[in-house]
Each structure stands twice: as structure tokens, then as C-alpha cells.
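Welcome to this short tour of a protein model. Have the sequence and the 3D view at hand, and follow along one part at a time.

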Amino acid sequence: MAETSELIEFRRAFVWLLCGMLLPSVALVAFGVVAVANERAAVERRLAVEYDARLRTLSLDLLARLDRAADAVAARRIDPLVANIRPLASPPPELAEAARRAATLPVGGHVFANTDSGNERRAYALVRAVRESGEQTLLAQLDVAGIASQVQRLAELKYPREAAAFRLVPPREPVAALAALRRIVAEAGQAGTVVSRIALGPPLEAFALVAELPGDPAGPLAFRNRTLYIALLVLLYVGIGVGFGLTLREMRRAYKLSRLKTDFVANISHELRTPLTSVRLFAETLREGRAVGPEEVNECVVLLSAEADRLSRLVEKLLDWSRLESGRAALELERTDVPALLERIDVAYRAQQLPATYKTEMDAQLPPVNVDRDAMAQVVLNLLHNAVKYTGDDKRIRVRARRAGRNVAIEVEDNGPGVRPHDRKRIFDRYYRGDDLLSRTTEGTGLGLAIAKKIVELHGGRIELDSKVGEGSTFRVVLPAA
Ligand code: ADP
């Protein structure tokens with residue numbers, strides 16, 4: 001039941017993870033894809049805006065230059081942009097309006113105008129000037145080709161390091177099918193691309209200023225940005241994938257741990273109940289006088305005290321673990337000779353009256369170690385308990401102390417069933433118990449090796465396992481020599 005509800009909790013967490021992380025990221029990626037698809041248009045727009053501003057500045061400079069040309073006419077100076085000058089006696093109808101406005105200007109003033117005659121578009125300055133015959137309006141025709149080359153000169157002055165060419169272009173053809181076709185063909189063959197175009201006012205009405213960049217400027221830029229976006233998208237997805245994988249792994253771990261904890265509580269309850277039942281049974285036997293004679297009474301008392309010992313060992317183990325896990329376990333390290341340590345372990349072991357003995361082997365002249373004697377005795381006792389618990393009737397257990405380089409190794413060897421490969425790392429995890437039949441039918445909490453590992457690591461050492469299934473196990477505690 002507990003397992004099912006935990007599973008539901010984890011499924012819910014998984015769904016939240018999906019909604020909270022994966023769906024928004026998919027939306028984000030969709031935006032990214034749209035951005036990638038529209039990148040070329042966006043680059044073209046950016047270029048247009050940038051060059052529009054430059055063309056506007058250039059058109060103002062050009063107008064100022066034309067004003068200077070008109071001023072030169074009034075002052076009888078020669079200006080290369082002026083093609084010819086003549087008095088405007090009887091203006092043609094297209095210039096009548098401009099002539100009327102010029103007549104109202106003071107001397108030196110001018111208006112610009114343009115005319116269309118056949119295929120030719122002409123540009124004029126109508127200048128109010130004083131000549132021998134008195135005040136009159138002069139019609140100065142401006143040289144359009146000269147103006148066009150002036151545009152390039154002005155642009156070079158203004159933007160000396162500019163890659164774009166700025167040009168004055170003639171009026172567009174009316175958009176007829178043939179003209180459009182001709183333009184497409186021309187554009188396909190052209191080396192540059194017009195990135196921006198602005199229309200001009202009089203005297204260059206219908207002419208336009210264009211900025212032209214060599215080749216296809218938007219292409220490489222769009223390609224670069226697109227590649228960048230795609231790389232970022234891939235990176236984003238890889239990041240999300242890795243994050244998702246890690247979160248799932250953590251969730252699985254948490255799920256397994258919570259299952260182990262549930263098993264642990266069940267184990268502990270069972271472990272407590274067995275000695276408690278025995279204690280109750282023996283106590284009742286004594287109370288009701290069912291034990292006949294002093295021998296039976298004595299037997300009951302011995303068994304009672306053994307069960308009480310078992311209970312207190314269990315409670316000690318739990319308290320040890322809680323102290324270790326909360327970091328409250330303070331070690332009192334003392335320089336200790338290995339033989340003295342093994343002796344202490346032996347005394348504690350014998351006091352527990354376990355149903356097996358063990359042999360001790362020791363290298364001569366082992367260096368001393370810095371250990372908390374009680375804690376280290378507890379580590380080896382835990383290993384000895386396991387050796388006793390998990391071996392069959394013919395128990396051959398050995399404790400060996402030997403030198404291992406600059407360290408001292410204390411090994412507990414047994415001829416038990418061994419630890420299966422997939423369990424070898426996990427048996428040192430808290431609450432973990434082997435999932436073989438023997439472990440399931442043997443009393444235990446899954447804390448013994450976790451406690452041993454933690455204590456050994458607090459001493460700056462490590463705990464290792466050599467095991468062959470069916471032959472036995474050797475647990476090795478490696479401690480730095482003092
Ligand atoms: P417990 O013995 O209470 O289950 P431990 O942490 O001491 O907890 O041991 C964890 C697991 O390691 C055991 O459940 C058992 O499967 C395995 N194990 C420990 N010692 C031995 C051993 N000497 N031989 C075989 N298996 C062992």
C-alpha cells in the first residue's frame with residue numbers, strides 16, 4: 001500500500017516535471033524555430049533601417065550642395081553642377097508654377113523644379129538674380145550626371161570606410177510585366193544588392209538614392225545567425241535532456257531510498273518484536289512458576305538476559321546510526337597498537353556469546369593507528385556479526401591484520417555464500433539488505449555496513465570487499481598508519 005502511494009507521488013512529481021520544464025521548453029524551441037525561419041527577413045529589415053538613416057543624411061548633404069550651386073548662379077560664379085544658364089523670359093507650362101514662386105523671391109533666392117520631356121528628366125534651379133537688364137529670374141539647368149557623381153563623392157567623405165555604394169538612380173520604370181521580367185533578369189546577374197532606397201524631392205523628384213552592398217549581404221549574416229540559433233537550440237535541448245535525465249535519476253534514487261526506508265521500518269519492527277516476545281515469554285514462565293527447579297529458572301534468566309542484550313544491541317545500532325548521520329558522532333582518536341585493538345575486539349566478541357569462534361592472524365611489527373577504540377571495535381564487530389550470520393553451519397572465520405603499504409589493513413574473512421556482484425557496492429548503502437533468500441531470512445537492519453563505512457571514512461580510511469559467490473567474503477578496513 002505504502003509502495004503504491006509512493007509510486008503515485010513519484011508519478012505526480014514526474015508529471016509536474018513534464019509540465020513545468022518540458023512543455024515550456026518545447027514552446028521556447030518552437031519560438032526558436034520560427035526565429036530561425038524568419039532570420040533572413042529580419043536581417044534584411046535590420047540592414048534597411050540602418051542604411052535608411054545614412055541615405056537620409058546623404059540626401060540632406062546633396063540638397064545643401066545643390067543650394068550652393070544655385071547660390072553660385074546668383075553670384076555669377078561657375079559651378080560644375082550647372083550645365084547652362086538662361087534668362088527665363090517665357091516659362092514652359094511645366095515650369096510656370098515654379099517661375100511664379102521664384103518671381104516672389106528676393107535677389108539670391110531660388111526654387112528647384114524638374115520637367116519630363118520625352119524620355120529625359122531635367123533638373124532646374126530658378127534663381128532670382130540681378131543682371132544688366134535689372135532683376136530677373138534665371139533658369140539654370142543642373143547636370144544630372146554631375147549630381148550622380150557628386151553623390152558618390154559626398155558619400156565617400158561622409159562614410160569613408162563604408163562597404164556599401166551610394167548611388168543616384170533614375171526613375172523606376174512603370175511596373176509592366178516585361179519591365180518586371182527585365183529587372184528580375186538584371187537583378188539575377190547583378191553583383192550587388194540594394195539594401196535601402198529613398199525617394200528624393202525637387203529637383204530630383206522621382207530619382208532615388210540607393211545603398212547597395214556587394215554580393216548578397218543578408219545571406220552570410222542570416223546563415224551565421226541561423227547557425228548560432230540552431231547551435232543554441234541544440235545546446236538548450238541537450239541541457240534540458242541532461243537536466244531531465246539527472247532529475248529522473250535523482251527521483252529514482254529517492255524512490256528507491258524511500259522504499260528501503262519502508263522496508264527498514266518493517267525490519268526494525270520485526271527485529272524488536274522477536275526478542276520482546278521471548279522476554280515476555282520467559283518473564284511469564286518465571287512469574288507463573290512454570291520453571292521447575294533452580295536449573296530451569298537459571299536457564300530462563302540466562303535466556304532473558306541474552307534477549308535483553310540483543311534488544312540493547314539493536315537499539316545501540318539505531319542510536320549509532322542516528323548520531324553518525326546527524327554528524328553528532330565525535331571520535332576520540334588515540335594512538336593505538338593493533339594487537340591491543342584486536343584484543344579489545346576479542347573481549348567484546350566473547351561477551352556476546354555468538355555461536356562461532358574466529359582465528360586471528362597478525363603481521364609482526366605493525367605500525368600503530370590513530371583510532372577511536374570503541375568505534376573501531378564496533379566496525380570489526382559488525383563485520384564479525386555478519387560473518388557469523390551469513391555463513392552456514394561450518395563457520396570458518398578469520399581476522400587478519402597486516403601491513404598494506406603505508407596503511408594497516410584489518411580483514412574479516414568468512415566462508416559464507418559471498419556477495420553477488422550487483423550487491424557489492426550497494427550493501428554499504430544505508431538500509432540496503434541483499435535481496436537473496438539468505439539475507440531476507442536472516443535478521444538485520446541494513447545498517448551494519450553503512451555504520452562501519454561511515455566510521456572508517458571518519459578515520460580517513462576506506463572499507464573494501466573481496467568476494468567470490470559460493471566461496472566466501474573478505475571485508476577489509478584500510479586505516480592510515482599513525
Ligand atoms: P544487515 O546484515 O543488517 O542486513 P548490513 O549492512 O550489515 O545489514 O549488511 C548488508 C547486506 O550485506 C546484508 O543484507 C547481506 O546481504 C550482505 N552481507 C553483509 N555481510 C555479508 C557476509 N559476510 N556474507 C554475505 N553477505 C553479507
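This is a predicted model: local features need pLDDT of at least 70, side-chain atom pairs count only at pLDDT 80 or more; totals for chains, interfaces and linings use all residues.

Strand β11 (residues 398-404) pairs with β12 in the antiparallel sense, over seven bridges. Two strands count as paired if DSSP finds at least two bridges between them. As background, strands of a sheet pair through backbone hydrogen bonds, either parallel or antiparallel.

Residues are numbered from 1 along each chain as its sequence is written.

## The strand inside

Is strand β12 (residues 407-414) largely enclosed or left open? Six of its eight residues are buried, so β12 is largely enclosed by the rest of the structure. A residue is buried if 20 or more other C-beta atoms lie within 10 Å of its own, exposed if 12 or fewer do, and partly exposed in between, with C-beta atoms placed from the backbone.

Strand β12 also pairs with strand β14 (residues 472-480), in the antiparallel sense and over eight bridges. Here Ile 410 has Val 477 of β14 as its bridge partner.

## The five-strand sheet

These strands belong to an open sheet of five, in the order β9-β11-β12-β14-β13, with mixed pairing. At the edges stand β9 (359-362) and β13 (462-468), each with a single partner strand, so one side of each is left without a neighbour in the sheet. On average, neighbouring strands of this sheet are turned by 20° against each other, direction ignored. For such angles, axes are lines fitted to C-alpha atoms (for helices over the stretch in contact), and values run from 0 to 180 degrees between N-to-C directions.

Strands β13 and β14 pair in the antiparallel sense over seven bridges. Val 477 in β14 turns up again, as the bridge partner of Ile 463. Helix α9 packs on the sheet, where it touches β11, β12 and β14, and its direction makes about 20° with that of β12. Contact means that the C-beta atoms of two residues, placed from the backbone, lie within 7 Å.

## A covered helix

Next, look at α11, which lies across β13 and β14 and runs at about 135° to β13. This helix is mostly covered, with nine of its eleven residues buried. Among the buried residues are Leu 449, Ile 451, Ile 455 and Val 456. What do the buried residues of α11 pack against? Their partners are α7 (293-325), α9, β13 and β14. After α11 comes Gly 460, whose phi is positive, near 80°.

## Around the ligand

The ligand is surrounded by 19 residues, and the closest are Asn 386, Gly 434, Gly 444, Gly 448 and Leu 449.

By class, the shell has eight nonpolar, nine polar and two charged residues. In this scheme Ala, Val, Leu, Ile, Met, Phe, Trp, Tyr, Cys and Pro count as nonpolar, Asp, Glu, Lys and Arg as charged, and the others, Gly among them, as polar.

## The whole chain

Now zoom out. The protein chain comes to eleven helices and 14 strands. Its radius of gyration is 50 Å, well over the 23 Å that the globule rule gives for 482 residues, so the chain is more spread out than a compact globule. That radius is taken over C-alpha atoms, and the rule is 2.2 Å times the number of residues to the power 0.38. Along the principal axes, the C-alpha atoms fill a box of roughly 160 × 55 × 40 Å. Buried residues make up 23% of the 482 residues.

Terms used: A residue is near a molecule or strand if its C-beta atom, placed from the backbone, lies within 6 Å of it. Helices (H or I, at least four residues) and strands (E, at least two) are DSSP runs, numbered from the N terminus.
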